[in-house]
Amino acid sequence: MKNVYLEEARQLPVYDSCDLLIVGGGAAGHSAAIAAARAGCKNIILMERYGYSGGDVTGGYVIMVPDLSWYDKQVVRGLQEEWFKRLEKIPGAVRGPREGQFGSMDPLLCDGWKEIHDCWSRSNESPHRLVRSVYFEPNQLKIEMDKMLLEEKNAIRVMYHSLGTAPIMEGNSIRGVVFESKEGRKAIYAKIVIDATGDGDIFSQTGAPYASLADAGTRSSTTALVWRVAGINWSLFEQWKRTRPEAFAELRSSVSRMAGFRAMPLPTNSNEMCWINNWHPEMDCTKIADQTKTEMETRNTMREVLEYLREAVPMAFGKAYLYDIAPQLGCRCSRRLVGEYVMNITDWAFAHQFDDVIAWHSTICTVNDCGPVEIPYRAILPKKIEGMLCPGRHLSADDVAIDWLNLIPQCVGTGQAAGVASAVALKDGSDLHHVDIKKVQDILVDQDVPLPRNEKFLAKDADYQSLVEEKQYGLYTELAQQIREKGDSLKDFRQW
């Protein structure tokens with residue numbers, strides 16, 4: 001039996017009320033707020049536990065957004081692309097193949113960008129081509145995300161340093177959220193709540209079904225604490241890697257062995273800086289012990305790893321120094337919504353089409369050569385609970401598919417859709433389970449989101465649909481053929 005402390009019941013002051021309350025200001029929550037405001041919602045509160053927006057992007061230093069294009073079409077646009085269009089005005093803030101370059105198979109361009117991880121296609125089953133993947137400076141994005149919120153200040157009230165802790169329920173309907181701050185424990189009432197915490201902090205307490213973690217063999221079952229190293233020459237390091245592949249393999253092994261977990265340097269928006277990404281296996285970012293262990297073990301080995309890089313590759317790292325450490329833990333997966341639809345590998349291997357599609361994204365899945373997959377509205381819609389949407393890295397997907405869906409583009413895309421759907425439901429007076437999805441899709445297209453089969457989108461970008469049909473939705477890969485032979489009913493794909 002655990003010891004129990006019986007807390008005395010008390011009345012909580014109501015801090016505020018709103019039409020739409022978004023808990024979590026990460027990539028999903030920030031996008032939901034901006035999209036809802038632009039869709040006409042005028043009474044929005046965005047609540048965030050830190051003092052900035054962006055979550056893993058700006059605080060966890062996930063400073064590269066991959067696979068925004070497929071062949072020569074930029075499938076992921078909307079607010080995700082707006083980030084980079086805004087940052088491109090700031091010298092040195094972004095790095096990646098430019099508009100008009102992605103899809104190019106020019107051998108010299110491909111070779112030039114090959115040194116920047118994920119800026120060229122992964123598959124060996126088709127010619128290499130440039131991909132719209134973007135590296136960016138996280139602190140510049142922090143500033144820009146604030147600017148976006150300030151531009152919508154007549155519709156959005158921002159509450160930084162406020163941690164949403166519990167839902168306010170009335171039967172199966174959510175009516176608001178209890179939060180903690182330096183001002184104490186208070187409540188906010190709302191007509192609609194978006195849980196964009198990334199870990200399902202709110203929906204997990206409502207009675208909505210959810211699952212935990214991802215399959216232990218995937219990236220999603222790991223945590224990280226990212227740190228950056230400056231004073232380097234990444235181009236020289238890449239030349240060293242190409243001419244000495246065996247030495248590079250040994251370097252990766254040695255760095256991981258020294259750290260005690262897998263770790264490796266990756267490029268940034270600057271040739272003079274890299275980031276050290278890491279993967280602590282079988283960790284749960286909702287557990288105090290795992291959070292603490294990840295932070296302390298990573299920091300404990302930083303000096304040794306940096307000194308080793310200086311000595312092992314002096315031409316590139318000889319003058320390297322610790323630039324900074326991410327201010328927050330790198331979280332990949334913990335609780336996952338079990339929503340009205342659970343995405344799984346058949347959605348990639350069979351190119352499933354959904355009438356309620358809200359995002360059409362190229363992803364990091366090699367089953368379909370990183371081709372676009374449709375994400376349905378039902379994947380952010382909880383069962384049983386009214387008045388709530390759950391976009392972001394905790395969206396409804398099984399423990400394999402989540403590995404391809406909890407990256408930044410999918411957080412932005414589902415967050416943008418959640419904001420628009422909330423605005424439509426509020427304006428029409430409908431509940432979220434019966435929102436006019438056609439209106440939602442049309443507004444998303446107006447917000448520069450590509451959507452398959454949508455008449456407004458086809459009127460201006462019909463060649464997107466033509467491309468995926470011409471390229472067989474990417475299902476020419478050997479892996480896709482193997483999975484398809486097993487049949488659409490096969491659900492357990494850990495073997496793949």
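A: Let us begin with a single side chain, keeping in mind that this is a predicted model: Trp-404 has a relative accessible area of 14%, and because buried means under 20%, Trp-404 counts as buried.

Q: Which residue forms an aromatic pair with Trp-404, and how is such a pair described?

A: A pair of aromatic rings is described by the distance of the centres and the angle of the planes. In this case Trp-404 pairs with Trp-348, the centres being 5.0 Å apart and the planes at 65 degrees, which is an edge-to-face arrangement. The pair links distant parts of the chain, since Trp-348 belongs to helix 9 (residues 346-349) and Trp-404 to helix 10 (residues 402-405), 56 residues apart. Trp-348 is buried as well, because its relative accessibility is 1%.

Q: How many aromatic pairs are there by this rule, and which residues do ring pairs link into a cluster?

A: The count comes to 13 aromatic pairs, and a cluster linked by ring pairs holds Trp-234, Phe-237, Trp-240, Phe-248 and Phe-317. Within it, Phe-237 and Phe-317 form an edge-to-face pair, with 5.2 Å from centre to centre and 85 degrees between the planes. This pair too links distant parts of the chain, with Phe-237 in helix 5 (residues 234-243) and Phe-317 in helix 8 (residues 314-317), 80 residues apart. Both Phe-237 and Phe-317 are buried.

Q: Turning to the sheet, what is the order of its four strands, and which are the edge strands?

A: The sheet is open, its strands follow the order 12-13-11-14, and their pairing is antiparallel. Strand 12 (262-267) and strand 14 (321-325) are the edge strands, each of them pairing on one side only. On average, neighbouring strands of this sheet are turned by 30 degrees against each other, direction ignored. Between strand 12 and strand 13 (residues 273-279), which run antiparallel, there are six bridges, and Arg-262 has Trp-279 of strand 13 as its bridge partner.

Q: Finally, how do the axes of helix 12 and helix 13 cross, and which residues make the contact?

A: The axes of helix 12 (residues 437-446) and helix 13 (residues 455-470) come within 8 Å and cross at roughly 30 degrees. Because angles under 35 degrees count as roughly parallel, helix 12 is roughly parallel to helix 13. Helix 12 contributes Asp-442, Val-445 and Asp-446 to the contact, while helix 13 contributes Lys-456, Phe-457 and Lys-460.

Conventions. Residues are numbered from 1 along each chain as its sequence is written. This is a predicted model: local features need pLDDT of at least 70, side-chain atom pairs count only at pLDDT 80 or more; totals for chains, interfaces and linings use all residues. Side-chain values use heavy atoms; hydrogens and water are left out. Two strands pair if DSSP finds at least two bridges between them. Helices (H or I, at least four residues) and strands (E, at least two) are DSSP runs, numbered from the N terminus. Axes are lines fitted to C-alpha atoms, for helices over the stretch in contact, and angles run from 0 to 180 degrees between N-to-C directions. Angles under 35 degrees count as roughly parallel, over 145 as roughly antiparallel, 65 to 115 as roughly perpendicular and the rest as oblique. Contact means heavy atoms within 4.5 Å. Rings of Phe, Tyr and Trp (its six-membered ring) pair if their centres lie within 6.5 Å; planes under 30 degrees apart count as stacked, over 60 as edge-to-face and the rest as tilted. Buried means under 20% relative accessible area, exposed over 50%, partly exposed in between (1.4 Å probe, protein chains only).
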